[in-house]
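Welcome! Take a moment to look over the sequence and the 3D view, and then we can walk through a few features together.

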Amino acid sequence: YISDLVILPQHRNQGIGEALMKKTEEVTKKEGINLIKVYVLAKNVKAADFYHRMGYRDYDIGLTKELG
């Protein structure tokens with residue numbers, strides 16, 4: 001379970017996130033797990049674009065409503 005993957009702004013666009021995710025996929029596959037789900041806030045377009053480039057595809061839509 002990965003709660004958050006955050007790369008500090010000064011370290012972005014250096015391949016760090018991609019390397020971390022590739023290693024995660026490698027270890028996960030070795031453990032016999034064949035699916036990784038990643039949740040991204042709808043407003044976080046950069047993160048969604050990153051995961052799409054990594055081969056992740058849209059799977060479901062979560063909706064929320066504030067009641068107060």
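How exposed is Glu-18? With a relative accessibility of 36%, Glu-18 counts as partly exposed. Keep in mind that this is a predicted model. The briefing below starts with salt bridges and then turns to pockets.

**Salt bridges**
- The structure holds 3 salt bridges.
- Glu-18 pairs with Lys-22 in one of them, with 2.9 Å between the closest N and O atoms.
- Lys-23, Glu-26 and Lys-30 are linked in a salt-bridge network.
- Within it, Glu-26 meets Lys-23 at 3.2 Å and Lys-30 at 3.5 Å, N to O.
- Along helix α1, Glu-26 is 3 residues from Lys-23 and 4 residues from Lys-30.
- Glu-26 is partly exposed at 36%, Lys-23 is partly exposed at 46%, and Lys-30 is exposed at 66% relative accessibility.

**The largest pocket**
- The largest pocket holds about 1100 Å³ of space.
- Its lining has 32 residues, and Leu-5, Val-6, Ala-47, Phe-50 and Tyr-51 lie nearest the centre.
- Helices α1 (16-30) and α2 (45-53) each give at least two residues to this lining.
- By type, the lining has 16 nonpolar, 9 polar and 7 charged residues.

**The second largest pocket**
- This pocket has a volume of about 850 Å³.
- Among its 24 lining residues, Val-38, Tyr-39, Val-40, Asp-58 and Asp-60 are the closest to the centre.
- Here the lining divides into 14 nonpolar, 5 polar and 5 charged residues.

Conventions
Residues numbered from 1 in each chain as written. Predicted model: local features only at pLDDT ≥ 70, side-chain atom pairs only at ≥ 80, totals over all residues. Heavy atoms only, no water. 1 Å grid on protein atoms, 1.4 Å probe; cavity = no way out; pocket = protein on both sides within 12 Å on 5 of 7 lines; lining within 4 Å. Points joined across faces, edges and corners; volume = space filled by probe spheres on them. Nonpolar A, V, L, I, M, F, W, Y, C, P; charged D, E, K, R; others polar. Salt bridge = Lys/Arg side-chain N within 4 Å of Asp/Glu carboxyl O. Buried < 20%, exposed > 50% of the residue type's maximum accessible area, 1.4 Å probe, protein only.
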